[in-house]
Amino acid sequence: MLVSEVIKKQMEETGWIRRMFEEGIRLRKIYGDENVYDFSLGNPFIEPPEQLIKALIETLNNPAPGMHRYMPNNGYEEVREDIAEYLKVRYDLPFTKDHVYMSAGSAGGLNILLKSMLNAGDEVIVPKPYFMEFKYYIESHGGVIKTVSTDDEFQLDLDKIASAITEKTKAILINTPNNPTGVVYKEEKLKELARLLNEKRNKGKSIYLICDDAYRKIVFDNINLPNIFKMYDLVISVTSHSKDLALPGERIGYIAISPKIKEVKSLVTALMFSSRALGFVNAPALFQRVIGKFQENSIDVMDYQKKRDYIYRIITEAGFECVKPQGAFYLFPKSPIKDELKFVKIMQEEERILVVPGRGFGKSGFFRIAYCVPFEKLLKATDGFKNIGKRYIKG
Amino acid sequence: MISKSISQSMKGSSWIRAMFEEGERLKKQYSVENIFDFTLGNPITEPPPELKRELRRIALSDIKGMHRYMSNSGYEDVREQIALFHREKTGLPFAKEHIIMTVGSAGGLNVILKTLLDPGDEVIVLSPYFVEFKFYIENHNGIMRLVETGEDFHLDINKIESAINEKTKAIIINSPNNPTGVVYTEEELKGLASLLMQYKQQGKHIFILSDEAYRKIIYDNIKFPDLFNIYEDTISIISHSKDLALPGERIGYIAISPRIKEAQDIIDASIFANRILGFINAPALMQRIVAQFQKNSVDIADYQKKRDAIYDILRSSGYNVIKPDGAFYIFPESPIEDDTKFIRHLQKFHILAVPGIGFGRRGYFRIAYCVEMDTIERSAKYFKEAIENL
């Protein structure tokens, strides 16, 4: 056997994604791009903010000597300083450049962090539905994923989390605004979580709260994201500029370590080692320089909110049951027939609408719509959703 | 808080870092220009000017979606351009499918090792070696099996043969070599190929993973042997950190030989590995840039002048050293047995280098001469004094 058994097995688990993807390509060939409604990918079609592109060009027009060379593994000092300034104000805590670690997006950030923290067999609790890649990230570094169901509103279920904690629990990984549900965890739920973790800590068990904050700037209805750093000491946030600055292809983000964590220095040293060992070495140089000054900015969030409003209305009017999301650019409705994989195929075949079955997020019976597409696409798919509703949803 | 295995690995890996920190300390004490820092393979060279122009042009252009995700393997047209380069160079039917864009060669090696290794599989690495190889292999639960090279740092086929067993999955070669600067000859690579072919005939596939990060930095008009035509099961891992001076941008690729029978399986698994290891894709903008610069490189003649200068300095001061054919490293014998002791001795003369133990070979030390010519020239006096005052 040429290819590793381990990777073969991992690939088979997600084989249906590939088959779906191929089916999408087939449909496009038959019906043309404009007649296929692809809501399967979290790959926003919007462009980065104009000022950011200007800053990129300015950086290239005034090249600093050595600007494409290696820098320290944790990134440029001045960039980390800019980000620390922003974090200091935003979270009202004494962040310094030493609490910021530049990473190749949040996927890169999570991997170097997990590699740095996990011993073989250590457990990481992940509320589900969840972004499936978390499982690979945890397993790559010898960890064990423990998924825990959320409630009917996709909010944290504290009793379930409490009973999932064992001697082996090293961290809990949350993602709010959430992929795939679009739900923003409520402040009181996070406070309860902090209380639970503090209880454990008082008994000598330190559990780290890792926050995947990739969607933190995409929140609607003027809600404020709760300040998790203030609620609990052992918080590490992993951020990406893939969504808020629309730079997913450039692989840029950072890790923010709470100033309340005492072992910051040894964690950063371990992160540096992990960056090298895993082959990231450092976050891409050019985009580090560019994003430092854009911490306050983001793409047009109102635009996403309008799309959320529209798709949510269409879906519920068509008869689907769906929790109204308050962030990210996903919707996670209930499948009208129990086997959602079957239902997803029906949508493909009958209306050329492509979505992802809930099992891809550890939650069968639901499906995910990624609405980070041109508004026109949503408009054109409207009849399709309605037709499906008429055919498959009773009453 | 920190993983035990990481704490363990970090202990063994800290040589370059320790030297770097000592350097920082000395620089503060004596000012930068009086310190001769030869520790890091972080070239001072800038990318070729035409590359910088192209980078500006593309950033200014209004190509829609140029910062979005693309396929995990990279842009199709970029891979096609690189495949064309390999088609022309090797005469083999490279297609875009055989090219996977990666986060430098460090990223590329991790991807290919994840693709190939099952727990306990062995990978042969030739010593002295770039220590990170060990971590790359262990990340994916493989075992590194070190094999010494000869006195001249060339392949010792007999030793390689005796290291091969049931568990051997691959051999990593790195030519031009870090830390020795040696370039393996066509003849010795053919020797390696015929050894591996014997195993293949018995049904045992052993891949050559060819880390070609320095492939364009070769001197004296030596021709870089075309490994793809020497051995079927070759996968090369390429970085543009050195040839295009873009180390901070993290861009490179994997080239999978079209002659590998099950190439498609390896391609599919590598694309998947690129995703699940968290690389997702190689940085988008840089992919577009490097595609057009496959034939270009930084000024090699400049490195050759530096190689000549440092080699002459070392020889005339009385160091025992092999003249390197490529890369920007030279690996002299330590005048005293204990290389770490000698490194500390060199520091007294304001010279910073890395002891051989940092590359698995005691009794030597590495000089990275990718620095200003002036630094090399001014260091002559101190190299001499260091050896005279032992």
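Predicted model: local features only at pLDDT ≥ 70, side-chain atom pairs only at ≥ 80, totals over all residues.
In chain B, seven strands make up an open sheet. Their order is β2-β8-β7-β6-β5-β3-β4, and the pairing is mixed. The edges are formed by β2 (99–102) and β4 (143–148) of chain B, each of which pairs on one side only. Between neighbouring strands of this sheet the average turn is 25 degrees, direction ignored. Within the sheet, β3 (residues 122–127) and β5 (residues 168–174) of chain B run parallel and share four bridges. One of the residue pairs joins E122(B) to T168(B) of β5(B). Helix α6(B) packs on the sheet and touches β3, β4 and β5 of chain B. The direction of α6(B) makes about 150 degrees with that of β4(B).

Chain A also has an open sheet of seven strands, with the order β2-β8-β7-β6-β5-β3-β4 and mixed pairing. Its edge strands are β2 (100–103) and β4 (144–149) of chain A. Each has a single partner strand, so one side of each lacks a neighbour in the sheet. From one strand to the next, the twist averages 20 degrees. Strand β3 (residues 123–128) of chain A pairs with β4(A) in the parallel sense, over six bridges. K128(A) has S149(A) of β4(A) as its bridge partner.

Helix α4 (residues 77–91) of chain A lies across β2 and β8 (253–257) of chain A. It runs at about 120 degrees to β2(A). Helix α6(A) lies across β3, β4 and β5 (169–175) of chain A. The angle between α6(A) and β4(A) is about 150 degrees.

In chain B, α10(B) has 14 residues, which should span 20 Å at 1.5 Å a residue. The end C-alpha atoms of α10(B) are 20 Å apart, in agreement with that expectation. The buried residues of α10(B) are I266(B), I267(B), A269(B), S270(B), F272(B), A273(B), N274(B) and I276(B). These buried residues pack against elements of both chains. From chain A come α1 (5–13) and α6 (133–140). From chain B come β2, α5 and β8 (252–256).

In chain A, helix α10 covers residues 264–277. It reaches 20 Å from its first C-alpha to its last, close to the 20 Å expected for its 14 residues at 1.5 Å a residue. Ten of the 14 residues of α10(A) are buried, and the helix is mostly covered. Among the buried residues are L267(A), L271(A), M272(A), F273(A) and R276(A). Just after α10(A), G279(A) takes a positive phi of about 95 degrees.

Chain B is assigned two domains. Domain 1 consists of 4–47 + 299–388, and domain 2 of 62–291. The C-alpha centres of domain 1 and domain 2 of chain B are 27 Å apart. The contact between them involves 28 residues of domain 1 of chain B and 28 residues of domain 2 of chain B. On the domain 1 side, α1, α12 (300–317) and β9 (329–330) of chain B each supply at least two residues. The most come from α12(B), which gives four residues. By class, this side of domain 1 of chain B has 13 nonpolar, ten polar and five charged residues.

P128(B) sits in the loop between β3 and α6 of chain B. With 25 other C-beta atoms within 10 Å, P128(B) counts as buried. Beyond its neighbours within four places in sequence, P128(B) contacts several residues, including P179(B), T180(B), F331(B), F359(B) and Y364(B). Y364(B) is 236 residues from P128(B) along the chain, yet their C-alpha atoms are separated by 9.7 Å.

The contact between the chains takes 59 residues from chain B and 58 residues from chain A. On the chain B side, the elements giving two or more residues are α1 (4–13), α3 (49–60), α5 (104–116), α6 (132–139), α10 (263–276) and α11 (284–291) of chain B. The most come from α5(B), which gives eight residues. By class, the side of chain B that touches chain A has 32 nonpolar, 16 polar and eleven charged residues.

Note on methods. Residues numbered from 1 in each chain as written. Chains lettered and ligands numbered in written order. Contact = placed C-beta atoms within 7 Å. Nonpolar A, V, L, I, M, F, W, Y, C, P; charged D, E, K, R; others polar. Pairing = 2+ DSSP bridges. Axes fitted to C-alpha atoms, helices over the stretch in contact; angles between N-to-C directions. Expected span 1.5 Å × (residues − 1). Buried ≥ 20, exposed ≤ 12 C-beta atoms within 10 Å, placed from the backbone. Domains from an automatic or database assignment.
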